[in-house]
Amino acid sequence: MTKVSLTVNGKPVARDVAGGTLLSEFLREDLRLTGTHIGCDTSQCGACVVHVNGKAVKACTTLAASLEGADVTTIEGLANGGLHPMQEAFKEHHGLQCGFCTPGMIMSGVDMVTRYKAEGRELTQEAIRHELEGNICRCTGYHNIVKAVEDAASKM
Amino acid sequence: MTTGIGARVKRREDKRFITGKGKYTDDVRTENQAYAAFVRSPVAHANVKSIDKSAALEMDGVIDVLDGHQLTGDGIGNIICGWAVTSKDGSPMNMGAWSALATQKVRYVGDAVAVVIAETQQLARLAAEAVDVEYEELPVVAFADKALKDGAPQIHEEAPGNLIYDWEIGDAAKADAGLAEAVHVTEMEITNNRLSPNPMEPRSAVATYDEAEDHYTLYTTSQNPHVARLVLSAFYNVAPEHKLRVIAPDVGGGFGAKIYIYPEEITCLWASMKTNRSVKWTADRSEAFVTDAHGRDHISTAKMGFDADGRITGFKVDTIANLGAYMSLFSSSVPTYLYATLLSGQYDIQNLHANVRAVYTNTVPVDAYRGAGRPEACYLVERMMETAARELGMKPAELRAKNFIREFPHETPVIMTYDSGDFDANLAQAEEAADVNGFPARREEAAKRGKLRGLGYSCYIEACGIAPSAAVGGLGAGVGLWESAEVRVNPVGTIEILTGSHSHGQGHETTFAQIVAERFDQPIENISIVHGDTDKVQFGMGTYGSRSGAVGMSAIVKAMDKVEAKVRKIAAHQLEASEDDIVIEGGEVKVAGTDKALGWHEIGLAAYTAHNLPPDMEPGLKESAFYDPSNFTFPAGTYICEVEVDPDTGTTEIVQFTASDDFGTIINPMIVEGQVHGGIAQGVGQAMLEQVIYDEDGQLITGSYMDYTMPRAADLPNFSVHHASTVCPGNPLGMKGCGEAGAIGSPPAVINAITDAIGNNDLAMPATPQNVWRAYQAASAKQAAE
Amino acid sequence: MDMTGEHIIAAPREEVWAALNDVDVLRACIPGCEELEKTSDTTMEAVVKQKIGPVKATFKGAVELENIDAPKSYTIRGEGQGGVAGFAKGGADVSLEEVPEGTKLSYTAKAQVGGKLARLGSRLIDATAKKLAAKFFDNFQKHLNGPDASEEEAAG
């Protein structure tokens, strides 16, 4: 067991974790933050995307023990009350159906918009589709997800 | 009204999903939670010689290790196939026994032989590794055509030669005669590739036995919790219905894979009783690939004859369907009544015959996957039509239009009676939206860039709104396929709708509320939809076969009719008017043409206070209904796909995808379009990317997202989705259903477009760059030789 | 896929043959081999730890020598159960030929996996098996001849 202290959704958290505990397990089982989902075993689907120190990471391939001092944001902590513009946009544009991939999609969406804005690049539809490479949705055909991210980008 | 029928109401269920507050089965954690891990066969066919649990049982944190002998010893029944298909010689289908945990023999890689129950999931998985199973390997057959060959390994003793049934529909003699008189016959061998449904949420079960009450609760990833309870009780003897509550909470996609009641759910319930612990199991993705039923997997040969005018004179199809190692719940119906009955397509074909042989192989069981049989039929018919048009030198649209059915009802030779449709309207709308007239110029422009541009059509029809109970009962179904609903108007006038349909992405919490809001002219906020819990909802047959609108909503309408009748009586009594003069309008119940009115909430209150009701009227305002459809519904449409192929690499880009659908009445266009988008994406996946691959030894070698390729955002274009609807005469709302159309209609459109681009009709799905490149090279070589 | 290879070993054929039949030598040379015990003249029990693609597993199984034509050739065959990871099977036809430099060892090897290994790792199995076969015969050559001069230089 390793003692790890980090911040999750703005709150300090300190826990003993086994060396092999993944961030996804840590969030779901230890902290009961079940909005972070596990859809595959191979880091392909992106249902588990969270932000670590402001950057999107796949929680299923991140060891909890490696996050000493880190600042983790999950879907539950994305907005401080109310909804984040990305969350609003997913609802507005029907960017979700079963909802299972949605937290990861939203976290990836926020990350890509933030990066493109910081770099001063234009987030075109083509770029959004390319940036969503690491997130699989089986329901929507991505059409409305792309629209949602595009719309949120104009409001973030 | 902005929330009624036809309004693009934003989804009410979204808030919990976008904030991470959805509650899926794996999110459930009970007191006393233990975890299950299954010991699965790594070989495709073997006798189980022994199971040594000792090492696992000695491990810390292991509660128990249970096997199939204990399971069958406790009287847990074999898994059933709920649809009896009869062979053409009159003999019943040859169904082999399937125990939730194998006792004597394993028949596919992934077949479960034991289950470990431990304190944590990790411990359970570790201990499963320590269970030592000795297998005596047997010869394997993984492919349907090989399974039928003489001397093929015998998988079930109940099915000699691995043949489950040899079934036919239509008139062979007439089809032969029709082909004989044809001036042109198009012949094709067509394979429908095997797929894995892959809802993003892996299947999961949390089973809890309450010893004091002798009662079970099962949270599970199900599209139809009541059917699960029925089957678990009546056939698997896990618990009687009144002692078993099944809850399907938020479910992360189904696509058919979550219809069935699998070995894992049965085992978890039983194990919970055995260990007196709440037992939780969640598949990892690799496990999902070998436990979720697969879809499709047909090999067909087909002949279609045409007269000099291009009219179809005869159509004959011979299909081998791979059902895997065991017969899953609805497996037998998929390649028969859900497939061959749609082989008439949108066309007036008088002479039609299909023969289907279903076979066992040493692979994962195959059952319904989005579309279920209808995509296989549509793919076959629409590839034949496009290829025939090319062979006849006709425009694909022209050949199709020449054969369109235009009068309804239309009875096909394969037992379906189409009730409505306007196929010309869908074709015209799609052609206009796709700018087909501008295609030659686009093709020329693409050629300048060194790209091959192609255009492909698909005019699909499907039978949905599954299904009239007596009709399917006559065809062998073990259940009725009606739906139930309950409408509760509370004393303050708010309304709860309890429905047997289950929503796992379809947005029922929104659309179902819309029809109620419209009917009673009430704010949608005052209406809630309850589903997915056998303790709350009276009964239900669940969600599949695009049935929730046409059947599930019809049940709600029927219950609302009863509520309205009572509302009228109460209002007429209190307002001293005739029932016939009562209207529901503007949130009030009024006497037409007067200013006499009661607020909707006043009616609710009156019903429950019962101070002033008509004589002999029962208090309360709650009605239930069961709706049994009178016919299937027949959504139809035209899809047009335009592609560009890079001849050097075989890489294909879909540059435009246009859909014109006839879904009948549309409640919420936003949601319907979303269903079409998702369906097309899965169809494009089948056409270009997805394939379950087994090797000769029956090893599944596409068991992860690194090996089984599903469409990602960059693989797809924006879709151009349109509607040209005719009202369905068969149900009160005029709905046809929209859930499967995209997956049914799109694969042939994609392949027809690619084959058009490369000039070779001989191209199998999935059209990977390698397959496309090879087909293009073959066509080029042939052209050069000529 | 068949994998073939050749090694020239600076030792007389009898000595190479003896080594090929020596449990201690085999244990030292089989990559990842943790245990190897003789159960008869031609059979052994083995525990081998291996990683194939993303799956790491401990294989317990039997090694068998067949088609023995001393001191010229034999077939070595192994089959291991990796628990939930599945199984791995492999074999090699090994032949020894006297050459002026000593002995020429030639082999043709085959490998097969099943279960989870096949689902996740089949696309990597040929490459992995090739690597393992090469490693075994490399180890074997080094065991008899010591690391060769060029390699020692490289290491130094």
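Buried means under 20% relative accessible area, exposed means over 50%, and partly exposed lies in between (1.4 Å probe, protein chains only). Keep that scale in mind for every stop.

This is a predicted model, where local features need pLDDT of at least 70, side-chain atom pairs count only at pLDDT 80 or more, and totals for chains, interfaces and linings use all residues. Residues are numbered from 1 along each chain as its sequence is written, chains are lettered from A and ligands numbered from 1 in the order in which they are written, and side-chain values use heavy atoms, with hydrogens and water left out.

**Stop 1: salt bridges**

Side chains of opposite charge can pair when their charged atoms come close. A salt bridge is a side-chain nitrogen of Lys or Arg within 4 Å of a carboxyl oxygen of Asp or Glu. Over all chains, the structure holds 59 salt bridges.

Select Lys736(B) and Asp662(B). Their side chains form a salt bridge, 3.0 Å from N to O. Lys736(B) sits in the loop between β28 (719–723) and α19 (741–758) of chain B, and Asp662(B) in strand β27 (residues 652–662) of chain B, so the pair ties together parts 74 residues apart in sequence. Helices (H or I, at least four residues) and strands (E, at least two) are DSSP runs, numbered from the N terminus. Is Asp662(B) buried or exposed? Asp662(B) has 1% relative accessibility, so it counts as buried. Lys736(B) is buried too, at 0%.

Next, select Arg11(B) and Asp14(B). The closest N and O atoms of this salt bridge are 2.7 Å apart. Arg11(B) is buried at 1% relative accessibility. Asp14(B) is buried at 0%.

Now go to Arg40(B) and Glu264(B). Their salt bridge has its closest N and O atoms 2.9 Å apart. The pair links distant parts of the chain: Arg40(B) is in strand β1 (residues 33–40) of chain B and Glu264(B) in helix α8 (residues 263–275) of chain B, 224 residues apart. Both Arg40(B) and Glu264(B) are buried.

**Stop 2: aromatic pairs**

A pair of aromatic rings is described by the distance of the centres and the angle of the planes. Rings of Phe, Tyr and Trp (its six-membered ring) pair if their centres lie within 6.5 Å; planes under 30 degrees apart count as stacked, over 60 as edge-to-face and the rest as tilted. How many aromatic pairs are there over all chains? A search of the whole structure finds 26.

Select Phe408(B) and Phe423(B). The ring centres are 5.7 Å apart and the planes stand at 85°, so the pair is edge-to-face. Phe408(B) lies in the loop between α11 (396–403) and β16 (410–411) of chain B, and Phe423(B) in helix α12 (residues 423–433) of chain B, so the pair joins parts 15 residues apart in sequence. Phe408(B) is partly exposed, at 24%. Phe423(B) is buried, at 1%.

Move on to Trp482(B) and Phe626(B). This aromatic pair is edge-to-face, 5.0 Å centre to centre with 65° between the planes. Trp482(B) lies in the loop between α14 (469–474) and β19 (483–489) of chain B and Phe626(B) in strand β25 (residues 622–627) of chain B, so the pair ties together parts 144 residues apart in sequence. Phe626(B) is partly exposed, at 41% relative accessibility.
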